[in-house]
Amino acid sequence: MNTRATLSLAMRALLRNRSRSLLTMLGVIIGVAAVIVTVAIGVGARTSVQQQIASLGSNLLIVQPGSVTTSGARTGYGGASTLTPADGLAVATLPGVAAVSPTVTAREQIVAGTQNWQTTIDGVAPTYTFVRSWPLASGTFFSEQDVASAAKVAVLGQTVVQNLYPDGSSPIGSSILIDGVPFTVVGTLAPLGQSGMGQDQDDTVLVPYTSAMERLTGQTTVSALDVSASSAASVDTVQTEITSLLEQRHRIVAPQPDDFQVRNLQDVAAAASSTGAIMEFLLAGVAAVSLIVGGIGIMNIMLVSVTERTREIGLRMALGARAKTILRQFLTEAVMLSTVGGTIGVCVGIVGTLLVSLLAKWSTVIPISGVIAAVLFSALVGIFFGYYPARKASLLSPIEALRFE
Amino acid sequence: MRPVVDVRGVTKIYDLDGQSIRALDGIDLTIDPGEFVAVMGPSGSGKSTFMHIVGMLDRPTAGTYSLEGTDVSQLDGDARADIRSRRLGFVFQAYNLLARTSAIENVELPMVYAGVPAADRRRIALEKLEEVGVAQLKDHLPNQMSGGQQQRVAIARSLVNDPGLILADEPTGALDSKAAESVMRLFRDLNEQRGITIMLVTHEPDVAAHAKRVVTFRDGHILSDATQDRKAA
Ligand SMILES: Nc1ncnc2c1ncn2[C@@H]1O[C@H](COP(=O)(O)OP(=O)(O)OP(=O)(O)O)[C@@H](O)[C@H]1O
Ligand SMILES: [Mg+2]
């Protein structure tokens, strides 16, 4: 008997019991859909974190102030006020360092005409666009001179532009009030979108760090130093050099803890992707378990089916079916149930994934390899869990099967 | 002339809870091509057991069996399945059509197992349904047909692979006398006009009256074996 005849026999047998076939497939459908959705979310999250980190530039190092202890309570990193613009200038002279931009952060209410908006003000150096590889959308960036004179100039992120200039007019040359101080807008930043942690990176205003210190925070320290190493290969050396330079400048000796911390974005990227991979693995494991449960459902129904259809099997044997033909028919039925279920599951999974990215606004990626693996795995589930019932059916003797009550 | 069935010393012993039941005890029987044999006898006399052995659904405990000149006693399962498929046709008391499957698909089933191409299957199945007079019911499901109609479909199914022997175990047992009579006329036509060899088990003398030869069983032995004049057609 050829393959086509086997397939058509199996299909007719399944169609004779439509609702039962559908219910049997349900386990596999849910299992495969769960695999697809979880993998899509996992891969999507990992990809977006990686893109995020790549967009920051893999050569980036961030120096943050360390924690301070006040009456026994320690703040987290960044709590201490130990980093100064002078530290930044010193770091910039190190070999292997391409550029340094200090960052001074404040949160302020800003006003433009009749509109107002609260946002993050980042005091930075002109090297910032290079260090963060963040191009301008329009206008110019402020210069070293603006930094030297603590000029009242600002560059706006796109979210700020949209909120302060809802009519679409160009902000270049207009005046905004930051904490009551008038600043002139000289440029706007290209849109960057959400960060890996879901923050809107475009919701920011950049001003010279000197202007931020003098006119907004009133402090002489900075919140961080963004350092760009000249190449990805030199990142590790630069990291040690910055550490020893700052230890020297801050007069820190061996047993004392550093009052700053140098973070390497490559490490952050690796950590992020490895936690992502672990999550994905766990989720896929849970989904695979549900697929196996679906397989057991198929075996259960196939066993019931073999018992229930014993007389039918006897009849088929009386009409000339070989044992192997019976085995193949029942195995084909099981595999058909599981692969059709798997395929429907893939469709449900894709729809579910689209819904997740639409409703929860999570980025998702459906890997083709995952889809193929899910369908193949469900076929394997069918073979594995269908074999025992099929073999049981094929071992029946024709007369015993025919006389079965 | 080479006999269709040649059974020598066939014995069947069932083992039931350590007690052995001698269902058949040394049966010798020869059936020639074109014969129409009725098998009669009281309940439990071994008629069905004998049918199953002749139909190669079961094996004898002892004895030999030649079908169309070939010794089939020692064949393995696959070879037996192939002979059932190509040389034997079965008709059962309970019709045994596949449920929720149309008449024509039921008739096609033995051809699927015999490897007949799909296009030929349709044509042959329709031919046989016409021959037994139920072509108009080809798309009906078993539960949409009367018992007599279902038995005709079952007879059409037994004919599709041009069997050398048709075995029928109480084919009229579930039918009223009118339907039984018409099914028996069909068997008789197949035997007289097509020369098909038929062996049929029955309890009813009216049914047996259509056969040319009546073999009577009792306690696993053949009590009598006699040719008779057929009931007028
Ligand atoms: N599978 C079996 N296991 C044990 N004993 C069996 C089995 N099948 C048949 N028998 C016994 O073999 C004997 C013959 O049974 P068989 O079915 O051949 O009778 P029968 O002539 O067809 O009767 P009926 O006219 O009632 O159909 C009976 O005594 C029966 O109990
Ligand atoms: Mg019987």
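**An enclosed helix, a helix pair and a chain interface**

In chain B, helix α5(B) is largely enclosed by the rest of the structure, because 11 of its 13 residues are buried. As the model is a predicted one, this and the following descriptions refer to computed coordinates. Helix α5(B) runs over residues 147–159. From first C-alpha to last, α5(B) reaches 19 Å, close to the 18 Å expected at 1.5 Å a residue.

Turning to the interface as a whole, 23 residues of chain B are in contact with 25 residues of chain A. The two chains bury about 2200 Å² between them, with 58% of that area on carbon and sulfur atoms. On the chain B side, the residues that lose the most area to chain A are Leu57(B), Leu98(B) and Tyr113(B), which together account for 28% of what that side buries.

Two packed helices are described by the angle between their axes and the distance between the axes. For α9(A) (residues 265–308) and α11(A) (residues 323–359), the axes come within 11 Å and cross at roughly 145 degrees. The crossing of α9(A) and α11(A) is right-handed. From α9(A), the contact draws on Ile298(A), Met302(A), Ser305(A) and Val306(A); α11(A) contributes Phe330(A), Glu333(A), Ala334(A), Leu337(A) and Ser338(A). By class, six of the residues in this contact are nonpolar, two are polar and one is charged. Helix α11(A) itself has 37 residues and reaches 53 Å from its first C-alpha to its last, close to the 54 Å expected at 1.5 Å a residue. Just after α11(A), Lys361(A) takes a positive phi of about 55 degrees.

Lys212(B) is found between α7 (205–208) and β9 (213–218), and counts as partly exposed at 33% relative accessibility. Leaving aside neighbours within four places in sequence, Lys212(B) is in contact with Gly34(B), Phe36(B) and Asn191(B), as well as with Ala226(B), Thr227(B), Gln228(B) and Arg230(B). Lys212(B) and Arg188(B) are 24 residues apart in sequence, and their C-alpha atoms are 9.9 Å apart in space.

Terms used
Residues are numbered from 1 along each chain as its sequence is written. Chains are lettered from A and ligands numbered from 1 in the order in which they are written. This is a predicted model: local features need pLDDT of at least 70, side-chain atom pairs count only at pLDDT 80 or more; totals for chains, interfaces and linings use all residues. Side-chain values use heavy atoms; hydrogens and water are left out. Helices (H or I, at least four residues) and strands (E, at least two) are DSSP runs, numbered from the N terminus. The expected span of a helix is 1.5 Å times one less than its number of residues. Buried means under 20% relative accessible area, exposed over 50%, partly exposed in between (1.4 Å probe, protein chains only). Axes are lines fitted to C-alpha atoms, for helices over the stretch in contact, and angles run from 0 to 180 degrees between N-to-C directions. A crossing is left-handed if the near helix is turned anticlockwise from the far one by less than a right angle, and right-handed if clockwise. Contact means heavy atoms within 4.5 Å. Ala, Val, Leu, Ile, Met, Phe, Trp, Tyr, Cys and Pro count as nonpolar, Asp, Glu, Lys and Arg as charged, and the others, Gly among them, as polar. Buried area is the accessible area (1.4 Å probe) that two parts lose on being put together, summed over both.
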